[in-house]
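Please look through the sequence and the model below before reading on. The briefing then takes up one topic at a time.

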Amino acid sequence: MKIENTLTVPLPPADALPVLLDIPFVAPCLPGTDLTREVDARTFEGKVSLKVGPIALSFNGTATVEEIDPETLTVLVSARGREDRGRGSAVASVVFTLSPEGSGTKVSVVTDVTLAGAIIQYARGAGIVTRTAQELVDQFAKRLAARIEGGEAPDPEAIRVGSLLWKSIKAKVTGGGAA
Amino acid sequence: MVGRVFFGQSVKRLEDPDLLRGRGQFLDDIQLPGMVECAFVRSPFPHARVGAIDTSDARAVPGVIGVCTARALPDHMHGKRILLQVPSPAITNPLTQEPLATDEVCFAGEAVAVVIADNRHAAEDGAERVIVEWEPLPAVGNVADALKPGAAKTHAAMADNVAARQALGYGDVDAAFKNAAHVVRESYHTHRGTGHPMECRGVVADWDAVDQRFRIWTSTQTPHNTQRAVVDMFNLSEDAVRVITPDVGGGFGPKNQVYPEELVIPVLARMLERPVKWAEDRREHFLTTTQERDQLWDVAAAVDADGKILGIKAALIHDAGAYLPWGAIMPYISASTLPGPYVIPSYKIDATTVFTNMISTTPLRGAGRPQAVFAMERMMDAIARSLGLDPADIRARNLIPADAMPYDMGLTYRDGAPVKYDSGDYPEAQAKALHRAGYADFPARQAAALAEGRHIGIGIGNYVEGTGLGPFEGATVRVLTNGRVAIYTGAAAAGQAHKTTLAQICADELGITPDMIDVTVGDTGKMARGAGTYASRITVNAGSSVRIAAGGVAGKLKALAAAKFQVDPESLELLDGLVRITGTQGDQVSFADLAKMTSGMPGFVLPDGVAPDLEASGYFTPAQATYSNGCHVAEVEVDAETGRVKILNYVVVHDCGNLVNPKLVDGQVQGGVAHGIGNAILENMVYDADGNPLTTTFGDYLMPTAEIVPDCDIIHMQSPTPLNPLGVKGAGEGGTIPAPAAIVAAVENALKPFNIRITECPIRPQRIVQLINAAQQNT
Amino acid sequence: MTGDTRPRTRVSLTVNGRAVEAMVEDRFSLGDFLRRDLALTGTHLGCEHGVCGACTVLVDGEAVRGCLMLAVQADGRHVTTIEGLADADGNLSPLQQAFMDHHGLQCGFCTPGILMTLTAYINESPDADEEALRDALSGNICRCTGYDTIVQAALSVLKPKGGV
Amino acid sequence: MLAALENARPLAGGQSLMPMMNLRYATPDHLVDLSRLAELSYIEASSPRICIGAMTRQRDLMADVDLMAACPIIAAALRHVGHIQTRNRGTIGGSLCHLDPAAELPGMMALLDATLTAKGKDGERTMAMADFPLGYMTPNLEPHEFLTAVEFDAPPKNHGWAFDEVAERTGDFAQAGCGVLITFNAEKKIDQAKLVLIGVDEDGPRRLGAVETMLTGKAPGDALFREAGAMAAAEPMAEDALVTQAYRQQIAGVLVRRCLTQAAGRAGGAA
């Protein structure tokens with residue numbers, strides 16, 4: 001599943017790049033994330049907790065900065081995690097591509113998530129899993145932009161994805177009307 | 001009571017008294033002292049490399065006794081794969097599964113480790129805590145993708161996804177197409193489903209350290225195959241491996257495989273020196289029990305001006321799934337089934353079997369035939385449409401006439417013998433079915449319904465089915481010293497009432513009632529050789545061998561009594577457990593007394609030429625398959641706005657030769673149709689593009705229920721086969737085979753006003769609506 | 001194995017008319033408990049997610065899924081299983097007998113659940129017609145029979161004259 | 001007790017939670033069995049305000065004569081809820097809290113504008129059904145809270161009603177379902193129409209406010225009900241691995257039209 005987002009940050013690309021490489025700074029922007037150990041400068045262990053309706057999931061895994069290309073202003077981060085109770089596995093690669101936009105930087109975030117195991121072997125839940133992944137990545141982009149702009153740490157608590165979605169759907173229904 | 005015959009009677013089932021009281025002994029009901037239970041650690045990924053496996057957390061779980069991975073298995077198992085059951089030169093990559101995957105997993109659900117605990121709950125807790133480093137690999141999640149250039153590879157080390165190639169045919173197809181007045185082409189797609197017996201699989205193993213031998217109970221259709229595979233894996237003698245089938249809660253094909261668990265559980269029992277049980281749960285069944293039916297067909301028919309078929313050209317891509325446990329039999333059966341009951345002067349088909357990263361496919365009730373019949377019958381409807389003829393008429397013009405029997409089709413069947421239809425009246429079968437279904441006045445009914453806004457339709461499915469496959473099945477019949485009779489056969493039962501059927505056949509030979517007979521099925525310790533229950537072969541093979549063996553015992557009984565009474569054996573008859581001089585109230589001797597005398601009683605001297613023990617064995621080895629046939633006519637109503645289909649009427653004309661027990665045959669047909677209804681309108685095992693299974697509960701994979709399946713109107717024709725002493729043919733799969741073709745044709749016919757064409761099955765409401773919407777947009 | 005920490009609870013209930021008292025693992029379903037602790041293996045587990053109906057038993061006379069009720073919830077209740085359908089002398093109930101007469105079963109795995117469902121249903125709705133019966137059966141899956149002989153067996157018990 | 005325990009869940013009839021636990025999707029550490037709370041099992045349906053205890057079983061709801069007389073749509077919807085065996089254990093409160101997108105009872109409560117009462121460590125609070133779903137299978141309840149009761153006004157005596165859904169088999173989760181309540185004024189115009197869809201929105205039942213407004217004051221008829229169906233079919237709807245948005249929209253539109261037609265036919269004073 002490929003999820004694409006863009007965010008703009010009020011720093012020129014040369015200054016924005018080191019920020020994206022600062023995993024302890026970036027990681028908490030993914031809701032429900034808790035870094036537990038720095039393995040080396042580029043590799044971190046952590047935990048992502050989330051709730052999909054009645055199902056509480058907790059992924060333990062590692063995130064690694066795989067490639068930094070200062071020429072093309074591209075960063076590749078890979079992450080993989082295993083759900084605590086073996087209900088699934090997730091493998092993700094995130095490519096950040098920076099380009100100047102005005103005085104700031106436009107960051108394109110392309111996330112490719114592969115989910116496997118019980119959590120996705122459920123046809124009726126496929127829609128909500130896709131939506132949850134999309135929502136998490138959207139939230140990540142928003143929170144990262146906010147953090148770079150404002151500097152404050154985001155709320156580390158595991159989010160109830162449902163409640164976030166409720167607001168977005170309400171907005172869609174009241175604002176958007178019929179499709 | 002003289003002259004009483006049980007063959008042909010709907011006697012009550014010998015199996016029922018226990019089953020109705022909850023006293024069946026199914027696999028999971030087995031409890032042995034000191035027994036432990038298992039749960040497997042299975043790949044979440046459809047395709048991945050297996051890295052390090054950390055079992056330390058799992059071992060700390062309360063109740064967990066141990067964890068075993070591929071590398072912890074005994075040396076002799078390393079690198080060894082499960083015995084390929086049906087080898088064939090057509091197979092380019094004869095790859096079967098490892099008992100536990102070592103380096104690479106190729107479908108979601110493939111096991112890499114097993115957790116042993118004091119109960120299943122604790123074992124599952126442990127399995128949750130085994131941490132495997134997976135490296136996901138690109139996967140093939142769809143049969144249509146497997147041959148595309150640049151496709152992912154199902155097995156990382158293989159050059160492509162081709163598992164087997166087969167080409168069949170006869171006659172001059174090119175000439176036929178050149179001379180054709182019409183050429184009709186269509187493509188078809190049939191989807192995956194599976195058998196879903198209500199009892200999942202399971203294995204119990206016990207290693208006798210004193211005698212150095214295994215006892216293995218497994219919920220299988222083919223205990224001798226399991227025995228062969230265990231013997232092969234462990235380098236043991238057959239005497240050291242006894243495989244026993246308890247009561248089996250349904251099979252339908254997938255239980256005729258040998259599965260990794262049937263090798264892993266025994267090795268654990270030997271390593272731990274205590275009995276070990278694994279009982280599959282339904283989720284595992286969805287992931288790891290074999291499936292079938294995904295095929296892509298391109299069919300072209302050359303037809304003359306009168307609607308007679310001149311030739312058929314076809315190409316078939318068959319989805320093997322990840323491995324080939326049963327070889328490449330289904331596509332071969334499909335290819336040889338396509339021509340069916342029709343005169344097809346020339347024929348050419350290329351079948352390609354491809355690997356995909358989904359659970360392997362193996363024969364499932366119908367075994368490649370439902371797909372072939374779907375393709376052929378849909379093509380018949382397409383020809384009818386294209387020539388402006390009635391679907392019944394186009395079939396009638398092409399059916400093999402009864403006086404052409406026996407009919408050599410021109411192909412070689414899977415048993416190596418020519419496909420030679422032995423008996424049957426195909427035109428009469430169709431005529432009877434149409435008559436019973438009220439086909440002649442259907443157009444009037446259809447018009448009347450349409451006037452009320454109701455869409456009803458009718459569809460036909462004809463088929464011929466090779467059954468009663470060899471190589472053989474055997475049976476031993478023995479008179480016990482208490483006067484009862486025992487039958488032993490290797491053929492395992494899974495609900496077909498083998499015990500009842502075989503007892504009926506034996507009872508007639510011995511002049512007793514079936515309830516005097518105890519039948520033991522599916523125990524390799526009781527019958528050294530056997531093939532198993534598949535291919536609708538048991539009544540033909542085991543039934544005939546019981547007839548032979550019982551005949552041998554009857555001869556022995558008479559010889560002994562003749563010696564005792566000093567009379568000619570010809571003057572004796574068997575009745576109610578006695579041997580007596582025919583028609584007189586004179587001398588008689590009981591089976592029990594004769595059994596005691598011949599069982600080694602001191603002082604008793606056997607008459608000349610009579611071997612000890614009142615026992616005889618028989619093996620029946622059929623010369624070729626025997627061909628059952630039939631015609632199904634379905635009438636349905638479709639809600640064109642929601643796509644919901646209701647089956648209003650279902651007629652089956654069924655010819656499986658002589659009927660041993662008509663009620664049992666009716667049960668097979670009715671149950672088979674129910675399965676076919678599932679294949680037609682409900683059951684679809686859905687995978688995503690990466691091979692992740694999505695329908696893994698009974699809430700998402702829809703089995704037919706009581707309000708879906710109508711009471712079928714079953715008419716039996718009986719064309720006895722000359723190929724076996726009973727004149728019987730197989731009956732277990734004919735209910736399923738033509739059902740998707742007939743039902744889908746009926747749905748299409750009901751939607752005639754919308755002019756849609758349905759070339760796939762199952763056809764579900766959403767798809768029906770999509771087709772209607774698409775057709776309306778085009779007009 | 002060190003200190004088994006798996007929680008257990010004492011339950012007392014009546015099973016097939018017999019008083020039963022036991023320590024049961026908290027997480028055991030009623031089906032697990034009947035099969036594992038009481039060796040009443042006639043109740044079968046076919047899916048453990050509440051769809052197939054093979055595990056159906058009667059609790060206080062009502063049909064319930066044995067896989068969707070915890071054993072501890074059966075405390076103080078009257079449970080009837082397939083083993084309790086025949087009378088004390090082992091004579092089949094009229095419904096069981098009808099299944100035998102009509103070939104209402106093949107492999108017999110789903111049969112206990114179906115017999116329990118129908119026993120309760122026929123008791124509550126003795127006037128049911130075929131359509132109602134089929135609706136009542138919709139929570140039990142049988143893969144072998146195609147249902148017709150099951151429906152015929154049940155109808156024969158319902159109909160005053162067809163009964164056995 | 002719920003407040004004191006970590007990762008605890010209340011267990012009502014268990015007909016939704018138990019399958020998820022057996023499949024190891026849901027893994028609570030503690031379950032608090034509410035089924036022994038006999039005082040939460042009651043139906044008061046003889047007065048204009050109908051009150052139902054949260055632990056009332058679906059079976060009892062179907063069998064209650066007063067409820068059937070006052071509000072027959074509930075029993076009609078319950079016929080589609082699972083099977084006999086699950087309705088014998090399943091409760092109204094359990095179904096509401098599980099909040100499956102396709103569940104019939106949350107749909108009925110949304111249709112009837114029910115008020116829900118929850119109890120927790122801080123006492124009782126009430127909320128409108130409209131405020132109860134927070135998102136996908138997420139009820140507006142704190143971990144220490146559980147539902148005790150629902151109440152709603154009985155529909156007017158001469159109301160028309162209909163419930164229908166599309167599912168491939170009896171008892172399956174609805175791919176879409178629709179409930180309608182309708183009343184007519186003296187001029188045989190629609191006085192009030194209430195419509196709810198289930199199974200079309202991951203976040204719970206969806207009332208069709210715009211359709212209700214459109215219908216009010218109009219004379220019933222096929223054209224009007226077709227228009228209502230078309231409006232419903234234009235709503236955004238959920239999509240999963242098996243059912244597309246387009247199909248849900250189509251069947252929802254069909255159900256709206258059919259249910260309006262049937263409900264209008266049943267209403268006193270209908271045209």
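This is a predicted model: local features need pLDDT of at least 70, side-chain atom pairs count only at pLDDT 80 or more; totals for chains, interfaces and linings use all residues.

Residues are numbered from 1 along each chain as its sequence is written, chains are lettered from A and ligands numbered from 1 in the order in which they are written, and side-chain values use heavy atoms, with hydrogens and water left out.

**The sheet of chain C**

- Chain C holds an open sheet of 5 strands in the order β2-β1-β5-β3-β4, with mixed pairing; here helices (H or I, at least four residues) and strands (E, at least two) are DSSP runs numbered from the N terminus, and two strands pair if DSSP finds at least two bridges between them.
- The edge strands of this sheet are β2 (18-25) and β4 (62-65) of chain C, each of which pairs on one side only.
- From one strand to the next the twist averages 40°, where axes are lines fitted to C-alpha atoms, for helices over the stretch in contact, and angles run from 0 to 180 degrees between N-to-C directions.
- Strands β3 (residues 56-59) and β5 (residues 78-80) of chain C run antiparallel and are joined by 2 bridges, and C:Leu58 stands opposite C:Thr80 in β5(C).
- Helix α1 (residues 30-37) of chain C lies across β1 (8-15), β2, β3 and β5 of chain C and runs at about 105° to β2(C).
- Helix α3 (residues 111-124) of chain C lies across β3, β4 and β5 of chain C, and its direction is at about 40° to β3(C).

**Where chain C meets chain B**

- Among the 5 pairs of chains that touch, chains B and C have the most contacts, a contact being heavy atoms within 4.5 Å.
- On the two sides, 51 residues of chain C are in contact with 57 residues of chain B.
- The size of an interface is often given as the accessible area lost when the parts come together.
- Chain C and chain B bury about 4500 Å² between them, with 56% of it on carbon and sulfur atoms; buried area is the accessible area (1.4 Å probe) that two parts lose on being put together, summed over both.
- Between chain C and chain B there are 7 salt bridges, each a side-chain nitrogen of Lys or Arg within 4 Å of a carboxyl oxygen of Asp or Glu.
- One salt bridge links the side chains of B:Asp118 and C:Arg6 (2.6 Å, N to O).
- Across the interface of chain C and chain B, 26 residue pairs are in polar contact (both at pLDDT 80 or more); a polar contact is a pair of N or O atoms within 3.5 Å, and within protein one must be able to donate a hydrogen and the other to accept it, while residues adjacent in sequence count only if both atoms are side-chain atoms.
- The elements that give two or more residues to the side of chain C that touches chain B are α1, α2 (94-102), α3 and α5 (148-158) of chain C, and α2(C) gives the most, with 6 residues.
- No contact joins chain A and chain C, and their closest C-alpha atoms lie 13 Å apart.

- The area buried between chain B and chain D is about 2100 Å², of which carbon and sulfur atoms give 46%.
- In chain B, the residues that lose the most area to chain D are B:Glu641, B:Thr642 and B:Gln766, together 29% of what that side buries.
- Chain B and chain D share 7 salt bridges, and the side chains of D:Arg24 and B:Glu124 meet in a salt bridge (2.7 Å, N to O).
- On the side of chain B that touches chain D, α3 (120-128), α16 (662-682) and α18 of chain B each supply at least two residues, and the largest share, 5 residues, comes from α18(B).

**Backbone features of chain B**

- Most residues other than glycine have a negative phi, and most peptide bonds are trans.
- The peptide bond from B:Met405 to B:Pro406 is cis, with omega near -10°, and B:Pro406 is in the loop between α10 (391-398) and β16 (407-412) of chain B.
- A cis peptide bond also joins B:Cys761 and B:Pro762, with omega about 0°, and B:Pro762 lies in the loop between β29 (760-761) and α18 (765-778) of chain B.
- B:Asn235 has a positive phi of about 50° although it is not a glycine, and its place is in the loop between α5 (223-234) and β11 (241-244) of chain B.
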